[in-house]
Amino acid sequence: MADGISIPGVTDKYKTNDLVDSLMEVERIPLKREQKQLEAYKSQQDVWRGVNTRMTSLRESVKSLYSFENPFNNKLASSSDENAVTVSADRDAEYGQFQLDVLNPAEADRFISGKLDKDFRVEEGKYVFEVGGKSLEFNWKGGKLADFVSALNKRGNGLVKATIIGITKNEKALVLESLKTGEVNRLILKDKALDFATSIGMVSPVKAETTPLASSIDSFSAPSDIVNEQLPVQEGLPEISKDNVTYKDSKITIPARSGVEIPLNESLKSGEDTRIEFSFNTKETSDITVALNNARLSPQLPDPGFITFKGITVQNEQSDTTLSVAAGSLTEPLNPVDIDSYVFIKNADGSETELPESAFTRDENTGETKVSFSLNDYPGAQGIILRNSNTGKEISVSMPQTYDAAKNIGFTPNNPIATAKDAKVKYEGITITRPSNDIDDLVPSVTLHLHDKTNKTATVKVLPDTQSAKDALITFIGKYNQLVAEINILSSNKPEVVTELDYLTKEEQDAEMEKLGMFQSDFSLTNSKSTMQRIISASYKYTDDENTEDLITMLNQIGISTNASGGASGYNPSRMRGYLEADEKKLDEQLETNLEQIKNLFGYDTDGDLIIDNGIGYLLDKHLTSWVQVGGIIATKTSALDTKIQSSNTKISNLERKLDDKEAELKNKYSTMEGTLNSLESQQTTITNFTNANSNKK
């Protein structure tokens, strides 16, 4: 018995379940009709999404043919010696060629240690590595060399790399290398890193290469006697003079009330970080104010003179006098001067700047004071002034030395695998240097990648990349044909529009057959196809030149049309459906000779505002955008189908509910009927049995 009418012990001899099913099958006709309609709506929506995908794909293809990144502007760069130099060119590079010699590529510092025991351990400390002004430092707690290398490489940050090389089973060596090329990116070791590298025989300490400011004091001048705010003005005190300054054994001796001004050559200021260093010490001498004061207490007599006769000179004795100094003729006695300001910088405007305390370092054991400062801190410096304003001190100064601190790293590698140096190339006979092997500022929009020395002069060429332009055009043709095929299938009920697409598999053809003629009554697709065909076949005049006979103004001139391959004469239905073909030989010829015109064919500016507003690519993009954009034609159609699907789902729900009620009602009625019939049959059986029993008694 069917579900809903199941009476234990009773068979469905009246076939009420079949009767209910037959009645419900009739009732379900509207539901099935609506369910079929719902599936049709969903299928249409899926198909519209497929059309959207085809149109979007074609739109992206045509947009790439006229946008800023169009393939017609791609450049193809080549080198005649790609083992030594390879080339890449940007879209703005000029066509042409040039000669190039790679004298040497740029290199980075690579230092190797001496032989180390396999169980070598690295001491704890602060390890500092510097490359190109960027610093890497970390505190190492001490441990195995392999662990140290791992820790360093984790923190390398593109600056430093360490490698362990196995020399023998029990010996190894450490390699430290800078990861940046060029002289400005030298590998500098500081703090514990320098001590470590020295201890393993990787580097040796070395002093900076210095240059004395002068070899004599002949070019020095006397400094001006600047009034010091710390000292009172004393009338009668001698002015600062150069007269008694001496130079011997690389030492400048500056007695009391003396000094010199050392001029600074402009060439010194061209260094990246020019520093000046010297040292000095002082010693006490007899204070000149004592003699000066004593001389001022006696009368001032004129010089007694001398006489010369026949080559014999007789000097007169000074006269004795008992005269006393007149009262009030003397000023205040001179006071001794004791000041520790000795070194000054003379500025461009003539003013002076005293060096700060940070420039001085005193050795308490020897009493010598070292002076060190950078000229970069004094951009207008004209000279160094050494002034001894004291009256009872003598200063001994070493000749100032200069060096470039940027080139002074304090050590030299013992066994360098490579040392940092700039790349050197000769471009059109001119030698240039760069810190990197990737040179992008020599030829505009062209980057040279140096690998090795050239054996002979290399020729670098920049040519149009016709292959990428051809690939983009072939891609455009394919995507255009795919969209046209989709429109043909959806707007026609002819099976041949599917079977003639020989690139489809059997499964794909079956799937396309299910869509055949789905939108035959929707003329929007056929109108869209017609619009695209008009755009493709139109002529485009992108220049004001009256003579257009030699210009490319139509797509078929470059070998792209609906009948580009020629073929047999006569009627061919497939060629009437709007598919594009390419004559590759003709296309290749046109790309080689008329690349710029082909670019204009797909997009050009008509009003001079530098914005493309016409051309095949632009117009196809504009047309397809109206279909695929948010709120466009396809979005409107799928939205309308969404409404229909929602309405259909509501109808189906209502019909299913009504059918459930109807089926329950029928089952209830026929169940009651079957029960009544069963009861009547039972009564009839009872009566028959009773009658038969009475008949037997007679």
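## Ground rules

Helices (H or I, at least four residues) and strands (E, at least two) are DSSP runs, numbered from the N terminus. By that scheme, Thr505 sits in the loop between helix 7 and helix 8, a handy place to start our tour.

This is a predicted model, in which local features need pLDDT of at least 70 and side-chain atom pairs count only at pLDDT 80 or more, while totals for chains, interfaces and linings use all residues. Residues are numbered from 1 along each chain as its sequence is written, and side-chain values use heavy atoms, with hydrogens and water left out.

## The chain as a whole

The chain has 13 helices and 36 strands. Its C-alpha trace spans about 205 × 95 × 70 Å along the principal axes. The radius of gyration, taken over C-alpha atoms, is 52 Å, whereas a compact globule of 698 residues would have one near 26 Å; the globule rule is 2.2 Å times the number of residues to the power 0.38.

Of the 698 residues, 38% count as buried, where buried means under 20% relative accessible area, exposed over 50%, and partly exposed in between (1.4 Å probe, protein chains only). Contact here means heavy atoms within 4.5 Å. Among contacts between residues at least 6 apart in sequence, 72% join residues at least 24 apart.

## Surface and charge

The accessible surface of the chain comes to about 40100 Å², and 48% of that belongs to carbon and sulfur atoms. These areas come from the Shrake-Rupley method with a 1.4 Å probe; for residues, only the protein chains shown count as cover.

On the charge side, there are 77 positive and 105 negative side chains, with the centres of the two sets 9 Å apart. Lys and Arg count as positive and Asp and Glu as negative, while His and the chain ends are not counted. Each charge is placed at NZ of Lys, CZ of Arg, CG of Asp or CD of Glu.

## Helix 8 and its two faces

Helix 8 covers residues 506–515, and Gln509, Glu512 and Lys515 are buried there. Viewed down the helix axis, the buried residues of helix 8 fall within an arc of 110°, so they line one face; the arc is that of the directions from the helix axis to the C-beta atoms. Their packing partners are helix 2 (29–66), helix 6 (466–491) and helix 7 (496–499). On the face turned away from the buried side, helix 8 carries the exposed residues Lys506, Glu507 and Glu514.

## Around the ends of helix 8

Back to Thr505: this residue counts as partly exposed because its relative accessibility is 39%.

Leu516 is found in the loop between helix 8 and helix 9 (523–537). Its C-alpha lies 5.1 Å from that of Ile489, although the two are 27 residues apart in sequence. Beyond its neighbours within four places in sequence, Leu516 is in contact with several residues, including Ile489, Ser492, Pro495 and Val498. Helix 8 is also followed by Gly517, whose phi is positive, near 70°.

## Two positive phi values outside glycine

Asp249 lies in the loop between strand 15 (246–248) and strand 16 (251–254). Phi of Asp249 is positive, near 55°, in a residue other than glycine. With 66% relative accessibility, Asp249 counts as exposed.

Ser445 lies in the loop between strand 32 (438–443) and strand 33 (446–450). Phi of Ser445 is near 65°, again a positive value in a residue other than glycine. At 23% relative accessibility, Ser445 counts as partly exposed.
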